[in-house]
Amino acid sequence: MGGVSCTRQTTPAAAALAVVLLVMCSAVTSCPPSDRAALLAFKAALHEPHLGIFNSWTGADCCNKWYGVSCDQETRRVADINLRGESEEPIFERAHRTGYMTGYISPKICKLKRLSSITIADWKGISGEIPRCITSLPFLRIIDLIGNQISGTIPSDIGRLHRLTVLNVADNAISGWIPPSLTNVTSLMHLDLRNNKISGPIPRAFGNLQMLSRALLSGNQISGPIPESLTRIYRLADLDLSRNLISGPIPSSLGKMAVLSTLNLDMNRLSGPIPVSLFSSGISDLNISRNSLDGKIPDAFGVRSYFTVLDLSYNKLSGPIPKSITSASYVGHLDLSHNHLCGPIPTGSPFDHLEASSFVFNDCLCGKPLNKPC
């Protein structure tokens with residue numbers, strides 16, 4: 001307010017000025033009527049029957065103790081909506097239950113022009129679509145709508161949200177393709193599209209997302225190849241493309257990614273050989289089971305090979321189990337079952353702690369822990 005002080009004037013001569021200042025200060029510390037109206041319209045489209053989380057949404061000032069609402073301290077505009085259906089907050093503990101809410105996300109939410117984050121998560125019953133107008137909110141950093149029944153598509157012009165760092169719409173009923181414009185959101189760090197009905201290919205320019213550290217796309221109907229550009233995302237640590245319809249070979253450059261530690265490609269239609277690079281990389285959780293991979297398991301294990309999980313089961317792999325696997329620094333869970341492997345199972349670590357289930361349904365493996373002498 002241009003340097004106006006909100007301290008109380010103590011001299012009688014300033015009494016009139018004090019009243020003016022009080023009104024001005026009140027205006028500064030309350031949310032604008034337009035933001036309040038937008039929140040009430042948003043609330044009107046939702047029904048929460050058990051917890052009463054909207055009971056606090058009363059009074060003129062939506063910045064003052066409205067549950068899940070936070071405002072910018074300087075502008076007093078609504079900055080954050082944070083409504084989670086699973087929480088340890090007292091309102092949930094008193095009710096001894098998680099939340100359940102029905103209704104839809106009203107487009108009126110787009111009138112909150114200073115909105116920085118929208119979290120409406122784990123309410124199980126919220127349906128409808130993601131409001132198209134959400135892409136007109138220039139300050140939006142977080143969209144978290146996990147765990148609802150939201151349908152429709154991801155807005156095609158989501159690439160307009162240049163500040164977006166988190167997009168989480170997992171566990172919904174979203175369909176359509178991943179919008180190509182998403183690759184314009186170069187600030188994106190966390191992408192979670194798991195367990196929806198998304199189809200079509202991964203955009204070829206996916207590698208433009210250079211800030212991305214987690215890409216979780218499992219449990220959809222995504223098809224086509226793994227784009228080579230994806231392997232150029234330097235910060236990517238977790239990649240989960242499992243339970244899709246992805247086809248073609250596994251790019252060998254996946255094994256050359258600097259910080260990739262979790263790679264889940266299981267239950268797809270991948271074919272061709274396993275890249276040698278995967279076994280000398282920094283990947284510690286590797287699941288490429290239930291595909292159509294063929295050829296031999298590369299004899300390329302060494303001291304850099306450290307696997308908490310290594311699952312190659314349900315493929316078309318042939319030949320022997322490579323002896324170099326005994327030189328790996330660590331192998332925790334290993335599953336080579338349901339392939340066409342043949343020959344003696346190596347002895348020593350990690351084979352001395354594995355069970356027969358790791359080796360069953362192969363052509364002619366022998367030795368411990370199978371009851372088949374060589």
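Predicted model: local features only at pLDDT ≥ 70, side-chain atom pairs only at ≥ 80, totals over all residues.
Let me begin with the core. The largest nonpolar core comprises 98 residues, and I109 and L254 have the most contacts inside it. Several elements each supply at least two residues of this core, namely helices α2 (33-44) and α3 (90-95) together with strands β2 (69-71), β3 (78-84), β5 (117-121), β20 (306-311) and β22 (330-335). Because residues come both from domain 1 (37-118 + 139-145) and from domain 2 (119-138 + 146-366), the core lies between the two domains.

What does L254 touch, if residues up to four places away in sequence are not counted? Its partners are I226, L230, T231, L239, L260, L263, L265, L278 and I283.

A search of the whole structure returns one cavity of 30 Å³ or more. The largest cavity holds about 30 Å³ of space. Its lining is formed by I130, I134, I143, I154, P155, I158 and L167. By class, that lining has seven nonpolar residues, with no polar and no charged ones.

Finally, I come to C366, which is located in strand β24 (residues 364-366). Is C366 buried or exposed? Its relative accessibility is 11%, under the 20% limit, and therefore C366 counts as buried. Neighbours within four places in sequence aside, C366 is in contact with G343, P344, I345, K372, P373 and C374. As for L341, 25 residues away along the chain, its C-alpha atom is separated from that of C366 by 9.9 Å.

Methods. Residues numbered from 1 in each chain as written. Heavy atoms only, no water. 1 Å grid on protein atoms, 1.4 Å probe; cavity = no way out; pocket = protein on both sides within 12 Å on 5 of 7 lines; lining within 4 Å. Points joined across faces, edges and corners; volume = space filled by probe spheres on them. Nonpolar A, V, L, I, M, F, W, Y, C, P; charged D, E, K, R; others polar. Core = buried A, V, L, I, M, F, W, Y, C linked by side-chain atoms within 4.5 Å. Buried < 20%, exposed > 50% of the residue type's maximum accessible area, 1.4 Å probe, protein only. Helix = DSSP H or I, 4+ residues; strand = E, 2+ residues; numbered from the N terminus. Domains from an automatic or database assignment. Contact = heavy atoms within 4.5 Å.
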